[in-house]
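Hi everyone, thanks for making the time today.

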Amino acid sequence: MYQTYLWNIKPLSSYMTPWQSDTIYGHFFWGVALLEGEDELKKILAEFEKNNPPFIVSDGFVDDRLPMISKRVIKNSEVERMAVEKNESIIDIATKIKRLKKVSTISLELFNKLRKKENDIVELIDEILDDNSKNRGIISIENTHNRIDRLSGSTGENAIFSLKENFVAENIFIYIKVREDYPINKLEKILRFVEENGFGKKVSIGKGAFKTESFERFDGFEKISGNGFISLSNYIPKEEDYEYVENSLVLIKRGKVANLYGDEGNPFKKPFSCFRAGAIFRGKSSGIKGRVLTNLHRKKIIQVGIPFIVEVEL
């Protein structure tokens, strides 16, 4: 059995690395290795590989906003009916549907409503668009840099590159399922380790700095008996995890290992694909979904694709 907790953090600077679950797992594992020792890390990694993880993390979400739940497409035949029911023109309704397609996050209240079969996206379209208008979201900028040849002291050909920097005004929420037999004080130590060291790239110059506002039990996801589930993490499925995909959101990543594990100058893992937060699946929502990838690097490196899931009715 697992208990759900909410890790509420306040950014103190911009950040360069997206708050994705597999990267958060990596920071947690570093915390385990440096606080508890390599034997404890090996034990925890073995539990992940056996699909019995001591904790399961979501992506980081700005404030209480969660992925939009898109169970179906609004048909053209529904537009005229919506116009009559709402006493609006067909053009106005078509414009609303176009705006709706761009909505990527919704409030926790709307998230819980859309999880239920009784609440259809057509009936909630005005509420969703009004909610989205209040979302300040993430502001990203591209910073351009030059590579310097250390031998010549100047830039060479194709030396220009850019890095994305992200800014948020609100707090970031990370949902964590903790196995009942895993000591919560151990996890709190890991969270403090990540807080003290920062998140993602460029922490040495102050990026990815944050402070913990709270870490406490969370029961905000309404209990329903769903016949499907939505992932709140990067998700690498195993066989028979689901019957079929209702809403496919896919990400291709090529991760990096820490400098300590760079092998012959190659810090990159092999590329892999996964579902990203917001993907929806038909099938049983019980049990541990996802799996751990191995053989992504010459060293003993793993990639965790075990997602934090929430039930939905389809």
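Let's begin with K113, which is partly exposed because its relative accessible area is 26%. Here, buried means under 20% relative accessible area, exposed means over 50%, and partly exposed is in between, using a 1.4 Å probe and protein chains only. Before I go on, a word on the source: this is a predicted model, where local features need pLDDT of at least 70 and side-chain atom pairs count only at pLDDT 80 or more, while totals for chains, interfaces and linings use all residues. Residues are numbered from 1 along each chain as its sequence is written, and side-chain values use heavy atoms, with hydrogens and water left out.

Back to K113. Its side chain meets that of E109 in a salt bridge, at 3.9 Å from N to O; by salt bridge I mean a side-chain nitrogen of Lys or Arg within 4 Å of a carboxyl oxygen of Asp or Glu. E109 is exposed, with a relative accessible area of 52%. Both residues lie in helix α5 (residues 108-115), 4 residues apart, about one turn of the helix. Helices (H or I, at least four residues) and strands (E, at least two) are DSSP runs, numbered from the N terminus.

How many salt bridges are there by this rule? The count comes to 22. In one of them, the side chains of K96 and D126 come together at 2.6 Å, N to O. K96 sits in helix α4 (residues 90-101) and D126 in helix α6 (residues 125-133), so this pair ties together parts 30 residues apart in sequence. K96 is buried, at 15% relative accessible area, whereas D126 is partly exposed, at 33%.

E47 and R179 also form a salt bridge, at 3.2 Å from N to O. This pair links distant parts of the chain, with E47 in helix α2 (residues 38-49) and R179 in strand β7, 132 residues apart. Both E47 and R179 are buried. There is a network of salt bridges as well, linking R72, E78, R81, E85 and D120.

Now for the nonpolar core, a set of buried Ala, Val, Leu, Ile, Met, Phe, Trp, Tyr and Cys residues joined through side-chain atoms within 4.5 Å. The largest one has 72 residues, and W7, F28, F29, I128, I176, L187 and F221 touch the most other members. Strand β7 (residues 172-179) gives the largest share of this core, 6 residues.

Is N8 buried or exposed? N8 is buried, with a relative accessible area of 12%. Its side chain makes a polar contact with the side chain of N171, at 3.0 Å. A polar contact is a pair of N or O atoms within 3.5 Å; within protein, one must be able to donate a hydrogen and the other to accept it, and residues adjacent in sequence count only if both atoms are side-chain atoms.

Finally, the rings. The structure holds 26 aromatic pairs, meaning rings of Phe, Tyr and Trp (its six-membered ring) with centres within 6.5 Å; planes under 30 degrees apart count as stacked, over 60 as edge-to-face and the rest as tilted. Y242 and F281 make a tilted pair, 4.8 Å centre to centre with 40° between the planes. Y242 is partly exposed, at 25% relative accessibility, while F281 is buried, at 0%.
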